[in-house]
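Thanks, everyone. I'll take one structure today and walk through how its parts pack.

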Amino acid sequence: MFYRLSGVYHTSYASDSRIFKVPADRNLAVFFLLFGLAAPFIVPSIYLNSYMLPWLIWTAAALGLNLVTGWAGQLHLGYAAVMAVGAYSAVHAARFGVPWEFALIIGGLASSVIGSLFAFAALRVKGLYLALTTLAMQFIMDWVLHHSPTVTGGSHASLQSPTLALLGQPITSDAGFYYVAFGWCVLVTIFMLNLKRTGLGRALVAVREKDYAAAILGVNSFYYKILAFAASSFIAGVSGALLVATFFFLATPEQFSVAVSIQALAMVIVGGLGSIIGSYFGVALILLVPGVINNLVAAIAHTLGAQVNVETLAHIPNAAYGALIVIILLIEPLGLGKLYGNIREYLMVWPFDQFRK
Amino acid sequence: MKCFNKVLAALAVTGGMLSGSLAAAEPFKIGICYDLSKAYTFATPQVSQAAMDLAKLINMKGGIGGEPVEVIVRDHGNEPQRGIECYSRLSREGVFVFDTLSTPVSLAVLPRAMEDGNILMQSLVGRGDAVDGTVFDWVYPAGPTYWGQAANNIGYIKQLHDGDLTGVKVAFIYLDYPFGQEPIEILQTLAEKEGFELLLYPVPLPGSDQSGAWSKMRRDNPDHVISWLLGGGHVVASKEMQRNRIPMDKYISVNWLNEVDIANIGAEAATGLKRGTNVVGGPDVPLRLEIISELYDKGQGSGPLANTQDVYYNTGLAMYSIMFEAARKAVELHGLPITAQSYKAGLESLEDFDANGLMAPITITAEDHGGGGKTRIEMWDGESWVPQTDWIAEYTDIVWEVVKESSSKYGQ
């Protein structure tokens with residue numbers, strides 16, 4: 001009824017390797033693409049700039065982390081540090097007079113270099129040990145940022161970002177910032193959608209499932225792990241730079257602290273490892289839901305005229321939010337992406353699901 | 001479908017907001033975006049309670065210029081992203097005076113406030129060079145900067161040594177991140193000028209491990225210890241001082257030390273401990289007593305009574321007395337309704353305002369948004385805080401040099 005299919009059947013290799021194998025999925029994607037393009041005209045500016053913009057940039061970043069954690073299976077606890085490298089390099093480059101297009105690429109490349117350099121050392125170990133090594137990277141970066149005023153911008157550690165300008169056009173409007181974020185997120189999403197059906201993507205999945213089994217099949221696992229780290233770091237770097245250029249307008253170490261790294265990992269895990277749509281959901285849940293619940297609780301308390309202590313009021317959303325994560329992971333340990341997948345699967349041939357058997 | 005939940009939530013929120021805002025007239029509002037759930041909870045409950053109590057008291061007395069006042073308290077969990085959301089939401093609801101009481105959030109909101117022409121109050125947090133009103137038009141860090149506080153502490157030490165600091169050893173123990181590192185530069189400048197020896201003892205975050213610093217301090221044997229620690233850090237410091245036989249009266253704390261910390265150290269054990277402060281410590285300040293008799297005795301307080309016995313409650317009263325007084329001045333100068341411009345004028349016409357003996361008198365001008373940066377040293381005598389000096393602002397020219405040097409880099 002919704003998908004108007006009796007199942008997914010392929011009659012050619014071309015059909016088998018299409019990005020969207022189900023027309024309804026493609027239509028949905030096109031719908032959201034159009035919605036995204038029209039958003040500045042239909043979404044109130046508060047939701048556009050305080051919710052959708054950070055959501056899109058963080059989704060791009062989470063997709064990058066998903067590349068290394070979800071696809072290549074390497075736990076990464078220092079993702080915010082990699083974002084910081086990109087943000088600070090790009091902002092410094094832009095302040096130096098480099099056009100923003102190149103500054104963003106410089107940021108991405110700097111992140112890529114630092115991220116994969118670290119991966120060289122870190123990939124000698126696996127699993128939890130790797131996680132701890134990447135955590136060490138985060139702490140090293142925190143320390144460096146707190147102790148180098150020339151990098152972080154004086155004793156208050158806040159580095160102002162010059163006005164973003166792309167293709168010679170200075171960007172200052174809310175809609176402009178939004179489109180930059182939207183464009184970047186779409187770009188990363190297309191990259192990730194395509195990654196699924198390339199040799200690189202399959203090699204990464206092979207490495208994730210069992211790296212020595214992959215090696216026996218002729219996949220150089222070390223090479224692919226480094227490649228995953230480099231690519232994901234590039235995405236992280238550009239995302240970090242865009243976050244500063246379009247949302248914060250200045251870079252401070254707190255924006256890339258260890259707590260942010262944990263949050264980024266939570267986005268990917270709650271969203272679903274290796275799931276693209278899951279990353280969108282995961283970011284929405286981790287980044288936006290606390291604020292939404294907070295406003296909701298405040299509004300409810302206000303309407304009811306309840307005399308609730310502000311502290312209690314601040315902690316209710318936290319409790320609700322924590323419970324929400326636990327409940328979601330209890331219902332579906334593979335994350336929100338899988339939850340969406342289950343519903344989609346169920347509706348695929350509904351109401352004629354007897355044909356499936 | 002992925003946006004569906006969000007849209008639903010958004011509808012619910014806007015629905016709630018609309019029905020809420022329709023009910024009231026158009027009061028003067030202050031947006032309080034505070035961290036009520038994460039890192040700053042050692043102070044935010046007391047400060048926000050003070051703000052709400054003060055607003056109630058003012059409304060009982062007929063408001064400002066006949067209009068009621070309102071404080072809107074929201075939690076941002078110390079996350080810059082949520083702080084910006086809070087700022088954007090409230091500014092669309094007509095709020096133009098904001099306070100964040102969080103350095104990361106204040107830094108994140110600052111560019112927007114400057115752009116939008118909204119007043120950002122940031123007493124005791126955020127970038128200290130924002131006291132330079134010629135650069136930061138819309139930012140008001142009313143109260144002392146950490147630079148000024150450190151300079152005042154040195155001024156106090158100089159008084160103790162009869163004006164000669166040559167050969168005096170001053171230790172500076174600090175949390176090793178921007179909050180703690182900020183005063184180092186000014187202390188070094190003063191050490192050079194006054195000829196005292198400055199010894200630095202960085203402590204890693206969150207300040208629970210200080211053993212290395214204090215055992216080194218025992219060997220160095222400084223005459224005074226200036227401490228830029230927070231909350232539990234003071235308690236750890238006091239334990240280490242006892243272990244290393246360093247007398248408590250050498251300890252001069254930053255303003256972030258309250259009754260909870262004293263209780264954790266032990267009221268008796270803390271005797272002799274000093275802190276620099278811009279508000280009068282202790283529960284006997286006139287404004288608090290008035291609030292107790294008008295609100296709490298009638299069961300209309302905004303929170304637990306115990307919170308009002310904390311020095312951070314006084315800090316909150318001081319911060320919001322300034323904000324409401326500025327609104328009153330704005331009405332006096334330009335009448336109703338209060339706008340961001342007239343409020344700015346109101347702030348800049350505050351002169352020797354001390355909120356009925358609650359705090360150091362401040363005089364805000366278009367150039368000096370800090371209001372003079374006066375503090376005093378108080379000593380804990382085992383039961384209460386005893387002032388050791390008048391309200392002082394020392395080495396202001398040197399402090400302003402540092403401020404100008406830093407603020408001149410803004411916008412480049």
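One definition before we start. A helix axis here is a line fitted to C-alpha atoms over the stretch in contact, and angles run from 0 to 180 degrees between N-to-C directions. Keep in mind that this is a predicted model.

Take helix 4 of chain A, residues 79-96, and helix 11 of chain A, residues 221-248. Their axes come within 7 Å and cross at roughly 60°. An angle of 65 to 115 degrees would count as roughly perpendicular, and under 35 as roughly parallel. So helix 4 of chain A and helix 11 of chain A are oblique to each other. The crossing of helix 4 of chain A with helix 11 of chain A is right-handed.

Which residues of helix 4 of chain A meet helix 11 of chain A? Among them are A:Tyr79, A:Val82, A:Met83, A:Gly86, A:Ala87 and A:Val91. On the side of helix 11 of chain A, the list includes A:Ser233, A:Gly237, A:Gly240, A:Ala241, A:Leu243 and A:Val244. By type, this contact of helix 4 with helix 11 of chain A has 13 nonpolar residues, five polar and no charged.

Stay on A:Ala87. Beyond its neighbours within four places in sequence, A:Ala87 touches A:Gly240, A:Ala241, A:Leu243 and A:Val244, and its contacts also include A:Gly107, A:Ala251 and A:Phe256. A:Ala87 also shows up in the largest nonpolar core, which has 234 residues. A:Ile57, A:Ala87 and A:Ala181 are the residues with the most contacts inside that core.

Over to chain B for a second pair. Helix 5 of chain B covers residues 146-160, and helix 14 of chain B covers residues 396-407. Here the axes come within 10 Å and cross at roughly 155°. Over 145 degrees counts as roughly antiparallel. That is why helix 5 of chain B and helix 14 of chain B are roughly antiparallel to each other. Their crossing is right-handed. B:Trp147, B:Gly148 and B:Ala151 of helix 5 meet B:Ile398, B:Val399 and B:Val402 of helix 14.

Last, the contact between the chains. How many residues does each chain put in? Chain B gives 43 residues and chain A gives 41 residues. On the side of chain B that touches chain A, helix 1 of chain B makes the largest share, with nine residues. That side of chain B divides into 17 nonpolar, twelve polar and 14 charged residues.

Terms used: Residues numbered from 1 in each chain as written. Chains lettered and ligands numbered in written order. Predicted model: local features only at pLDDT ≥ 70, side-chain atom pairs only at ≥ 80, totals over all residues. Contact = placed C-beta atoms within 7 Å. Helix = DSSP H or I, 4+ residues; strand = E, 2+ residues; numbered from the N terminus. Nonpolar A, V, L, I, M, F, W, Y, C, P; charged D, E, K, R; others polar. Core = buried A, V, L, I, M, F, W, Y, C linked by C-beta atoms within 7 Å. Buried ≥ 20, exposed ≤ 12 C-beta atoms within 10 Å, placed from the backbone. Left-handed = near helix turned anticlockwise from the far one by under 90°.
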